[in-house]
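Hi,

Here is the structure I promised to pass on.

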Amino acid sequence: MDVSRGASHSEAAPSTGTTIVACTYKGGVVFGADGRVSIGNYIMNRASNKIAPLSEYIFLCRSGSAPDTQIISDNVRHYLHQASAESGEEPSVLMAANLVRLLNYNNKDHLVGAMLVVGWDKHAGGQVYGVPISGTLAKEKWAIDGSGSSYIWGYCDSEFKEDMTREEAENWVKEALALAMTRDASSGGTIRMYTLDGAGVHHTYIPGDQVPQFVGDLPFPTGNPGGAVLGSAAREGGMVIG
Amino acid sequence: MSGIGTGYDLSATTYSPDGKIFQTEYAQKAVDNSSTVLGLRCKDGVVLACEKLVLSKLLVEGSNRRIHNIDRHVGVAVAGLAPDGRMVANRAWDEAASYKRVYGEPIPGHVLCERVGSYVHMFNLYWSLRPYGSTMLMAVYDKNGPALYAVDPSGSSLRYFGTAVGKGRQAAKNEIEKLKLSEMTCREAVLEAVKILHKVHDEDGKKFELEVSWICDETNKQHQRVPAELLAEAERQAKAALEDSDMDD
């Protein structure tokens, strides 16, 4: 999945080696993503936004090639806008998912985009669609993708329950993302999470130092940069060798 | 007729001094002179019914189709020039199929009827084309519920509770106005539709047969021909009603 693993940053393309997670719950959907964009071992962006709005209540979680998924999201946003102008109604989640799927399928030789289309519409409520590379479309109760998803299938399988409450679903998404970000080198940084319940869009941003940690994780650095360890030597004017 | 639009009726791109496009009006005449077609929107679906004049004993019963399936959830009945109606129905089929391919779900009724309307309207814009001489009544049952639309030769598309086109349209519309369609099921409306067609049929005309279709909760929201027994029962009741009213005369 991660096309740039092992390559140095001068050779590799930017990749959203990523973790994206989405699930339905009783009343809507919750979904989220990590924030890391890497070129080889260089983290180009540690707080990126991998969740693109396609319409007011439909979102695209992106993993795979960053430019490919951005182009797909721009095109589908445009088509959806045209469709809702023609019909006079909000587009359905299935319409958005199908448009993403057709782009993946018809351009399978060129595109590397593994995405989740997640949203809410008035006829079918909250829905999650997996749209992996090559152009499958799968409606699911929950879905995960990206390089970090490999590490959390067990967690997701065993902890997911149907008809969770909003809080349970948000915890499930947050925990799954945090576990993947711990183990996958290409995922990490911040968590962005959305909840759609038909009444509106609720966005949660979790900065890096508030991402759940687990036994054995290195604690997030606190205090000033160049604080306790280096501070006294620097203050006294001595040379600091880090 | 030759005096009416003299000089201004030769081309669809010529207005008359009083703001009419005679070619479109003449196309409308083709529909007005054809056999009657009516549609009824009830509380649980839509019924379409066509009166078909049997022009020859050599024709197999059921030929000269006037009702077409466009998609599972859409059916149309055409009045006017049959081949023209067939072309418009084919376009509707094309639109529905391509919408399904692109958006992954069945085309909503109001989107389909707008697209067909735009298509038909285009034929009123160029002198090298003639307007379609047919009106299409469209019965649809989508996620917004059941609906009945009519697209006429000018390209205008309107939504109806009930309507009729063709020779007997005036008399048929009078009968339709007496019905309480929002309280009727499609099963009941089939009986009414057949009754109306028998009533408005030109008495010294030729033999005629009926083509009736419905789309409702009973058919699982799929457009189909009404079952033979229901049609037979409807014809029985219609003929009985005519005899009754004859006796009253």
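Let me start with a term: rings of Phe, Tyr and Trp (its six-membered ring) pair if their centres lie within 6.5 Å, and planes under 30 degrees apart count as stacked, over 60 as edge-to-face and the rest as tilted. With that in hand, the structure holds 13 aromatic pairs over all chains.

Before the details, some housekeeping. This is a predicted model, where local features need pLDDT of at least 70 and side-chain atom pairs count only at pLDDT 80 or more, while totals for chains, interfaces and linings use all residues. Residues are numbered from 1 along each chain as its sequence is written, chains are lettered from A and ligands numbered from 1 in the order in which they are written, and side-chain values use heavy atoms, with hydrogens and water left out.

**Aromatic pairs**

One of the pairs is Phe59(A) with Tyr194(A): the ring centres are 4.9 Å apart and the planes sit at 35°, so this pair is tilted. Phe59(A) belongs to strand β7 (residues 58–65) of chain A and Tyr194(A) to strand β12 (residues 191–196) of chain A, so the pair ties together parts that are 135 residues apart in sequence. Helices (H or I, at least four residues) and strands (E, at least two) are DSSP runs, numbered from the N terminus. Both Phe59(A) and Tyr194(A) are buried; buried means under 20% relative accessible area, exposed over 50%, and partly exposed in between (1.4 Å probe, protein chains only).

Chain B has a tilted pair for you to look at too: the rings of Phe22(B) and Tyr26(B) have centres 6.0 Å apart and planes at 35°. These two are four residues apart in helix α1 (residues 22–32) of chain B, so about one helical turn separates them. Phe22(B) is buried, at a relative accessible area of 7%, whereas Tyr26(B) counts as partly exposed at 24%.

Back in chain A, ring pairs link Trp142(A), Trp153(A), Phe160(A) and Trp172(A) into a cluster.

**Asp34(A)**

Where does Asp34(A) lie? Look in the loop between β3 (28–33) and β4 (37–39) of chain A. Its relative accessibility is 1%, so Asp34(A) counts as buried. Leaving out residues up to four places away in sequence, Asp34(A) touches a list of residues that includes Gly17(A), Thr18(A), Ser48(A), Lys50(A), Leu177(A), Met181(A) and Thr190(A); contact here means heavy atoms within 4.5 Å.

The Asp34(A) side chain also reaches the backbone nitrogen of Arg36(A) at 3.1 Å, and a polar contact of 3.0 Å joins it to the side chain of Lys50(A). A polar contact is a pair of N or O atoms within 3.5 Å; within protein, one must be able to donate a hydrogen and the other to accept it, and residues adjacent in sequence count only if both atoms are side-chain atoms. Asp34(A) and Ala180(A) are 146 residues apart in sequence, yet their C-alpha atoms are 9.1 Å apart in space.

**Where the chains meet**

Twelve residues from chain B and twelve residues from chain A make up the contact between chain B and chain A. The area buried between them is about 1,100 Å², with carbon and sulfur atoms giving 52% of it; buried area is the accessible area (1.4 Å probe) that two parts lose on being put together, summed over both.

There is one salt bridge between chain B and chain A, and the side chains of Arg115(B) and Glu86(A) meet in a salt bridge at 2.7 Å, N to O. A salt bridge is a side-chain nitrogen of Lys or Arg within 4 Å of a carboxyl oxygen of Asp or Glu. Six residue pairs are in polar contact between the chains, both residues at pLDDT 80 or more. On the side of chain B that touches chain A, the elements giving two or more residues are α2 (82–103) and α3 (109–122) of chain B, and α2(B) gives the most, with five residues.

**Two positive phi values**

Asp163(A) has a phi near 55°, a positive value in a residue other than glycine. Asp163(A) sits in the loop between α3 (153–159) and α4 (166–183) of chain A and is exposed, with a relative accessible area of 53%. In chain B, the phi of Asn64(B) is near 60°, again positive in a residue other than glycine. Asn64(B) is in the loop between β2 (45–53) and β3 (67–71) of chain B and is partly exposed at 37%.

Cheers
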